[in-house]
Amino acid sequence: MDSLLTYNFYLALAPWFVFAGLSFLAVILMAFAKKRRGIAIAFAVLVQMFSPDPFVEKTIAMVTSEKRAIKKQQIKDGGKDKSKASIIKPENADPQ
């Protein structure tokens with residue numbers, strides 16, 4: 001009976017232990033980021049790389065429409081000046 005009570009006690013405290021651990025990690029990473037240490041940047045890049053992007057379809061549609069607009073402008077200019085083509089905004093900026 002005693003082990004069941006200690007198990008339930010630690011089970012009830014588990015979310016708070018996780019919260020305290022993540023808070024401690026955040027404080028350390030913020031201190032590293034203020035000092036411009038590479039570990040904070042590497043951690044941010046890894047989190048960004050492995051976290052899901054909720055707007056993937058919208059981003060893909062926007063990139064493809066921009067590429068089409070650039071390609072049209074390059075064909076229109078005869079492929080001479082590529083710097084102007086990168087400034088052109090697509091006609092359909094909102095893929096919805």
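Good morning. I begin at the surface, where Val-18, Leu-22, Leu-25, Phe-43 and Val-47 make up a nonpolar patch with about 440 Å² of accessible area together. Two elements give two or more residues each to this patch, namely helix 1 and helix 2, the latter covering 38–50. Helix 1 supplies the largest share, 3 residues, and Val-18 has its place in that helix. Please keep in mind that the model is predicted.

Let us turn to helix 1 itself, which runs over residues 2–34. Its 33 residues should span 48 Å at 1.5 Å a residue, and the end C-alpha atoms are 47 Å apart, so the two values agree. Where does helix 1 have a kink? The kink, of about 40°, lies at Leu-13, shortly before the proline Pro-15. After helix 1 comes Arg-36, with a positive phi near 60°.

I now move to helix 3, residues 56–77. This helix has 22 residues and reaches 32 Å from its first C-alpha to its last, close to the 32 Å expected. Which residues of helix 3 are buried? They are Ser-65, Ala-69 and Gln-73. Why do they lie on the same side of helix 3? They cover an arc of only 75° around the axis, and therefore share that side. As background, an α-helix has 3.6 residues a turn, so residues three or four places apart point the same way.

The face of helix 3 turned away from its buried side carries exposed residues: Glu-57, Lys-67, Arg-68, Lys-71 and Ile-75. Finally, helix 3 is followed by Gly-78, whose phi is positive, near 80°. Thank you for your attention.

How values were computed: Residues numbered from 1 in each chain as written. Predicted model: local features only at pLDDT ≥ 70, side-chain atom pairs only at ≥ 80, totals over all residues. Heavy atoms only, no water. Helix = DSSP H or I, 4+ residues; strand = E, 2+ residues; numbered from the N terminus. Expected span 1.5 Å × (residues − 1). Buried < 20%, exposed > 50% of the residue type's maximum accessible area, 1.4 Å probe, protein only. Arc of directions from axis to C-beta. Bend = angle between axes of the 7 residues up to and from the residue. Patch = residues over 30% accessible without salt bridge, like charges linked within 9 Å, V, L, I, M, F, W, Y side chains within 5 Å. Areas by Shrake-Rupley, 256 points an atom, 1.4 Å probe, with all protein chains shown as cover. Salt bridge = Lys/Arg side-chain N within 4 Å of Asp/Glu carboxyl O.
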